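Please keep the sequence and the structure in view while reading.

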Amino acid sequence: MVTHQILQANTHARKMLKRASEELEKAVDDLRNALFAQTMEEPQTSFKTREVYDLIRQQYRALKKEHEDLFVEKFHLQRQIISPQRAIFMAKNIFVRGEYKRLHEKIRRYKKNEQRLAPKLLAYAKEEKMFKERNWSVFPRSTFLQAQYYLTKQRTMLEIERGSLDQIKFSLQNKQSELETLCRQPDALKKIDEIAMGILRKNLRFVRQLEEVENRDKEIIQRMNHAQEQLKALENRIALDKVNTRYRVTVSDTLTNNQAASLIADAILFDPQAVQLVARFGGNNLEMEKDWEMMSEFDKD
């Protein structure tokens with residue numbers, strides 16, 4: 001009782017510590033993701049094919065890390081969500097002042113003891129069979145009587161244990177029937193429904209959080225799949241392009257390196273809209289940039 005009082009007095013501090021720990025873990029993860037996804041400090045005007053590939057791979061890794069974090073968060077939220085069936089059981093347990101929970105604990109102990117009895121019965125059956133099959137004529141009478149006494153004593157102890165478990169089972173069944181009868185009363189059903197609805201209302205915030213996390217995760221998975229397609233196209237492009245081949249986005253100088261790399265990767269992936277916004281040149285000052293306006297129909301194809 002003293003231990004329980006100490007723990008109850010410390011409940012608020014433990015809750016605040018848990019909340020602070022969760023916020024710290026989230027802040028560390030956000031910082032790690034930001035550092036991981038960070039690109040070069042100075043924005044570039046043009047990119048080599050390998051540089052585009054490295055930037056897209058960096059984006060993919062950041063997305064994968066976020067997907068893994070969301071998976072963990074989703075797992076924790078799923079454990080906190082209460083189903084309607086569980087809410088009904090909790091409501092019944094509250095209505096009968098914890099009797100259902102105590103009953104289930106007794107049933108668990110009963111099943112555990114029953115499982116322990118099973119190998120004992122098998123061992124006794126094996127010993128009894130060996131006793132009956134053995135030729136006792138070659139043994140002294142005292143040996144036979146001693147073995148018979150041991151076997152009889154063992155059988156008696158097992159029968160007592162089996163009888164005790166049967167009584168416990170009968171008592172548990174009666175208790176369960178009593179609780180179910182009590183909870184089937186009209187007034188009880190109404191009260192149980194009210195309690196269950198209250199439990200589900202309190203639990204609704206976890207349901208909404210899970211929906212937000214799942215929607216976010218679906219978006220991340222789509223972006224990861226697209227990044228994988230970009231990486232595959234870039235791998236093929238690296239094998240074809242010259243070492244000094246560079247790409248440049250022709251429409252805006254306000255794009256970040258990640259945004260520009262993604263647009264270039266989409267162009268290499270033959271996205272019609274992205275193709276018109278990206279220029280390619282071989283790194284030779286004498287060579288004109290191959291943008292959409294200056295390309296031949298063959299190059300456009």
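Helices (H or I, at least four residues) and strands (E, at least two) are taken as DSSP runs and numbered from the N terminus. Axes are lines fitted to C-alpha atoms, for helices over the stretch in contact, and angles run from 0 to 180 degrees between N-to-C directions. The model is predicted, with local features needing pLDDT of at least 70 and side-chain atom pairs counting only at pLDDT 80 or more, while totals for chains, interfaces and linings use all residues. Residues are numbered from 1 along each chain as its sequence is written, and side-chain values use heavy atoms, with hydrogens and water left out.

The account begins with helix 8. Helix 8 (residues 257-268) packs against helix 7 (residues 186-240) at an angle of about 70 degrees, and the two axes lie 9 Å apart. Angles under 35 degrees count as roughly parallel, over 145 as roughly antiparallel, 65 to 115 as roughly perpendicular and the rest as oblique. Helix 7 and helix 8 are therefore roughly perpendicular to each other. The crossing of helix 7 with helix 8 is left-handed, a term that applies if the near helix is turned anticlockwise from the far one by less than a right angle, whereas clockwise gives a right-handed crossing. On the side of helix 7 the contact is made by H226, Q230, A233, L234 and R237, and on the side of helix 8 by S262, A265, D266 and I268. Contact here means heavy atoms within 4.5 Å. The residues of this contact between helix 7 and helix 8 divide into four nonpolar, three polar and two charged. In this division, Ala, Val, Leu, Ile, Met, Phe, Trp, Tyr, Cys and Pro count as nonpolar, Asp, Glu, Lys and Arg as charged, and the others, Gly among them, as polar.

Helix 3 also meets helix 8. Their axes come within 9 Å and cross at roughly 110 degrees, and helix 3 and helix 8 are therefore roughly perpendicular to each other. From helix 3, the residues V52, L55, I56 and Q59 meet N257, N258, A261, S262, I264 and A265 of helix 8. The contact of helix 3 with helix 8 comprises six nonpolar, four polar and no charged residues.

The buried residues are N257, N258, A260, A261, L263, I264, A265, D266, A267 and I268. Helix 8 reaches 16 Å from its first C-alpha to its last, close to the 16 Å expected at 1.5 Å a residue; the expected span is 1.5 Å times one less than the number of residues. Helix 3 (residues 49-80) has 32 residues and reaches 47 Å, close to the 46 Å expected.

Most residues other than glycine have a negative phi. F270, which follows helix 8, has a positive phi of about 70 degrees although it is not a glycine. F270 is found in the loop between helix 8 and helix 9 (272-275) and is exposed, with a relative accessible area of 68%. R97 has a positive phi near 60 degrees. R97 lies in the loop between helix 4 (84-95) and helix 5 (99-133) and counts as exposed at 73% relative accessibility.

Helix 4 in turn packs against helix 7 at an angle of about 125 degrees, with the axes 8 Å apart. Helix 4 and helix 7 are therefore oblique to each other, and their crossing is right-handed. The contact includes A87, I88 and A91 of helix 4 and I192, I195 and A196 of helix 7. The residues of the contact of helix 4 with helix 7 divide into 13 nonpolar, no polar and three charged.

Helix 6 (residues 141-183) contains L172, which counts as buried at 9% relative accessibility. Not counting residues up to four places away in sequence, L172 touches L103, K106, I107 and Y110. Q154 is also placed in helix 6 and is buried, with a relative accessible area of 18%. With the exclusion of residues up to four places away in sequence, Q154 touches Y124 and E127.

Terms used:
Buried means under 20% relative accessible area, exposed over 50%, partly exposed in between (1.4 Å probe, protein chains only).
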